[in-house]
Amino acid sequence: MYRETINNFTAYSFMDLSSLKPALFTNNTAFDWLYPERVQQLSRRHWTPISIARQAARFLADAPGKRVLDIGSGVGKFCLVGAHYCPEAVFYGVEQRPELYHYAQAAKLAVQKNNAHFIHANFTELSFDDFDSFYFYNAFFENLDDDDRIDHQIEYSVSLYTYYTRYLYKMLDSRPSGTRLVTFHSFEEEVPPSYQTVQISDDLMLKMWIKR
Ligand SMILES: C[S@@+](CC[C@H](N)C(=O)[O-])C[C@H]1O[C@@H](n2cnc3c(N)ncnc32)[C@H](O)[C@@H]1O
């Protein structure tokens with residue numbers, strides 16, 4: 001493993017992934033080794049497990065060239081797993097925390113997935129017209145949850161939760177009929193009634209939706 005500093009953030013990448021390669025996209029522990037230890041420790045709680053990311057990506061990338069946006073992409077796990085299993089689609093991740101964005105970029109370099117792209121921004125700065133389908137792993141919940149936060153670098157508040165949730169609701173409601181959405185651990189407050197569930201996991205946490 002080597003360390004490099006990108007814009008003041010230390011990123012870790014593997015020059016030689018050969019020992020991990022067979023398991024990289026099937027085993028969460030192997031995948032998480034792409035990141036520093038602090039990021040690995042956040043994985044179980046904050047990053048999408050590989051099996052979920054694979055199912056969600058296959059649903060969202062239902063035709064070649066589909067542009068899939070992960071709203072709050074963290075260290076890029078959903079996008080990189082999606083890019084691996086759906087090579088004909090393009091995955092975009094938008095992330096507000098610069099440190100996590102840089103780890104996503106470093107992991108992308110390490111696994112060489114050119115159909116994954118990361119954007120450092122608040123999701124409210126993006127035009128949803130640039131994407132066809134959307135993945136949402138309850139990104140705004142951190143505003144309500146005092147325990148188990150990723151860090152203490154940003155402002156949290158109930159009003160931010162409400163603002164982001166309403167904003168996303170409006171954006172999703174304005175998408176064309178046939179738009180696909182996947183939610184994971186969502187309260188569904190951001191999902192307009194124009195979206196219908198077409199698949200639900202047994203534990204009810206993973207839901208796949210299509211806009212009427
Ligand atoms: C639960 S994590 C999910 C990460 C990733 N989607 C995955 O599944 O592995 C949610 C992420 O959303 C980011 N986030 C929360 N609100 C955001 C916003 N308004 N704009 C961009 N990113 C945001 C957080 O910083 C965090 O990294």
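The largest nonpolar core has 45 residues, and those with the most contacts inside it are Leu34, Tyr35, Phe78, Phe91 and Tyr135. A nonpolar core here is a set of buried Ala, Val, Leu, Ile, Met, Phe, Trp, Tyr and Cys residues joined through side-chain atoms within 4.5 Å; buried means under 20% relative accessible area, exposed over 50%, and partly exposed in between, with a 1.4 Å probe and protein chains only. The elements that give two or more residues to this core are helix 1 (28–32), helix 2 (37–46), helix 3 (50–60), helix 4 (77–85), helix 5 (98–111), strand 5 (116–120), strand 7 (180–184) and strand 9 (206–211). A second, separate core of 20 residues includes Ile71, Val94, Tyr164 and Leu168. In soluble globular proteins, nonpolar side chains tend to be buried together.

The model is predicted: local features need pLDDT of at least 70, side-chain atom pairs count only at pLDDT 80 or more, and totals for chains, interfaces and linings use all residues. Residues are numbered from 1 along each chain as its sequence is written, and side-chain values use heavy atoms, with hydrogens and water left out.

Contact means heavy atoms within 4.5 Å. When neighbours within four places in sequence are left aside, Tyr135 is in contact with Thr48, Ile52, Ala56, Leu60, Leu69, Asp70, Ile71, Phe78, Val182 and Phe184. Tyr92, which is found in strand 4, has contacts, on the basis of leaving aside neighbours within four places, with Arg67, Val68, Leu69, Asp70, Cys79, His117, Ile119 and Phe131.

Lys108 has its place in helix 5 and is buried, because its relative accessible area is 17%. Leaving aside its neighbours within four places in sequence, Lys108 is in contact with Leu80, Lys113, Ala116, His117 and Phe118. Glu88, by contrast, lies in the loop between helix 4 and strand 4 (90–95) and counts as exposed, because its relative accessibility is 55%. Beyond its neighbours within four places in sequence, Glu88 is in contact with Pro64, Gly65 and Lys66.

| Pair | Apart in sequence | C-alpha to C-alpha |
|---|---|---|
| Glu88 and Asn115 | 27 residues | 8.0 Å |
| Tyr92 and Phe78 | 14 residues | 9.7 Å |
| Lys108 and Ala83 | 25 residues | 9.9 Å |

Backbone angles deserve a separate note. Most residues other than glycine have a negative phi, and most peptide bonds are trans. Gln112, in the loop between helix 5 and strand 5, has a positive phi near 55°, and at 61% relative accessibility Gln112 counts as exposed. His185 also has a positive phi, near 55°; His185 sits in the loop between strand 7 and strand 8 (195–200) and is partly exposed, with a relative accessible area of 33%.

As a whole, the secondary structure comes to six helices and nine strands, where helices (H or I, at least four residues) and strands (E, at least two) are DSSP runs numbered from the N terminus. The radius of gyration of the protein is 16 Å, which agrees with the value near 17 Å that a compact globule of 212 residues would have; the radius is taken over C-alpha atoms, and the globule rule is 2.2 Å times the number of residues to the power 0.38. The C-alpha atoms fill a box of roughly 50 × 40 × 35 Å along the principal axes. Of the 212 residues, 52% count as buried, and among the contacts with a separation of 6 or more, 64% are accounted for by residues 24 or more positions apart.
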